Amino acid sequence: MQLPPCPLVVERRIEFSQTDAAGLIHFSTYFNLMESAEAELLRSLGSSIIWKDGEKMMGFPRVDCQCSFRRPLHFEDIVQIEINVSEITEKSIHYTFQFRDSGGQTCAEGRMVTACVRGVIGMHMSAVFIPESVREALTNWKNQAN
């Protein structure tokens, strides 16, 4: 499998529904963009944020998420979301994000921690070890930048 570049850069256009009444990006949009970049990274590595494992589901719910805002984005602006993995533990993945406008200016910086869980959706979910195939794909992707 051909690995995507590390860090992965995903481009999105800011939609009207992602802005406030003044046409400025709503703060919550950054969290949706982080999740979108994460999903694209995992897909490109042959995985997903959520999948079925027998009768149970596995996935990576968010356990911590932060974003620091530097400058606003506007309706129809193109934003580049750079995603990196800063740490992989036995049961969690730590991501960092850089948001840049079309001129390369940093608009925001984010971080997110996800935990690998298995269980029945809407009921009991338990933290489990990240599957070796996912860990290996993320590690290989991360290490190619070094």
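Arg118 is partly exposed, with a relative accessibility of 31%. In this predicted model, the side chain of Arg118 meets that of Asp53 in a salt bridge, 2.6 Å from N to O. Asp53 belongs to strand β2 and Arg118 to strand β8, so the contact ties together parts that lie 65 residues apart in sequence. Asp53 is likewise partly exposed, at 29% relative accessibility.

**The open sheet**

Strands β2 and β8 both belong to an open sheet of 4 strands, ordered β2-β3-β8-β9, with antiparallel pairing. The edges are held by β2 (50-53) and β9 (125-127); each has a single partner strand, so one side of each is left without a neighbour in the sheet. On average, neighbouring strands of this sheet are turned by 25 degrees against each other, direction ignored. Strands of a sheet pair through backbone hydrogen bonds, either parallel or antiparallel. Between strand β3 (residues 56-59) and strand β8 (residues 117-119), which run antiparallel, there are 3 bridges. Gly59 has Val117 of β8 as its bridge partner.

**Salt bridges**

The count of salt bridges comes to 8. Three of them are set out here, including the Asp53 and Arg118 pair described above.

| Glu40 | Arg12 | 2.9 Å |

The salt bridge between Arg12 and Glu40 links distant parts of the chain: Arg12 is in strand β1 (residues 8-13) and Glu40 in helix α1, 28 residues apart. Arg12 is partly exposed at 26% relative accessibility, and Glu40 is partly exposed with a relative accessible area of 28%.

Helix α1 also supplies Glu35, whose partner Arg62 lies in strand β4, 27 residues apart from Glu35. Glu35 has a relative accessible area of 35% and is partly exposed; Arg62, at 26% relative accessibility, is partly exposed too. This pair belongs to a network of salt bridges that links Glu35, Glu38 and Arg62.

**Aromatic contacts**

The whole structure holds 5 aromatic pairs. A pair of aromatic rings is described by the distance of the centres and the angle of the planes. Tyr30 and Phe69 form a tilted pair, with 5.3 Å between the centres and 45 degrees between the planes. Tyr30 is buried, at 2% relative accessible area, whereas Phe69 is partly exposed, at 43%.

Tyr30 also pairs with Phe99: the ring centres are 4.9 Å apart and the planes stand at 85 degrees, so this pair is edge-to-face. Phe99 lies in strand β6 (residues 92-100), 69 residues apart from Tyr30 in helix α1. The relative accessible area of Phe99 is 0%, and the residue is buried. Through these ring pairs, Tyr30, Phe69 and Phe99 are linked into a cluster.

One further contact involves a ring and a charge: the charged end of Lys91 sits over the ring of Phe129, at 5.3 Å from the ring centre.

Terms used: Residues are numbered from 1 along each chain as its sequence is written. This is a predicted model: local features need pLDDT of at least 70, side-chain atom pairs count only at pLDDT 80 or more; totals for chains, interfaces and linings use all residues. Side-chain values use heavy atoms; hydrogens and water are left out. Two strands pair if DSSP finds at least two bridges between them. Helices (H or I, at least four residues) and strands (E, at least two) are DSSP runs, numbered from the N terminus. Axes are lines fitted to C-alpha atoms, for helices over the stretch in contact, and angles run from 0 to 180 degrees between N-to-C directions. Rings of Phe, Tyr and Trp (its six-membered ring) pair if their centres lie within 6.5 Å; planes under 30 degrees apart count as stacked, over 60 as edge-to-face and the rest as tilted. Buried means under 20% relative accessible area, exposed over 50%, partly exposed in between (1.4 Å probe, protein chains only). A charge sits over a ring if NZ of Lys or CZ of Arg is within 6 Å of the ring centre and within 35 degrees of the ring normal. A salt bridge is a side-chain nitrogen of Lys or Arg within 4 Å of a carboxyl oxygen of Asp or Glu.
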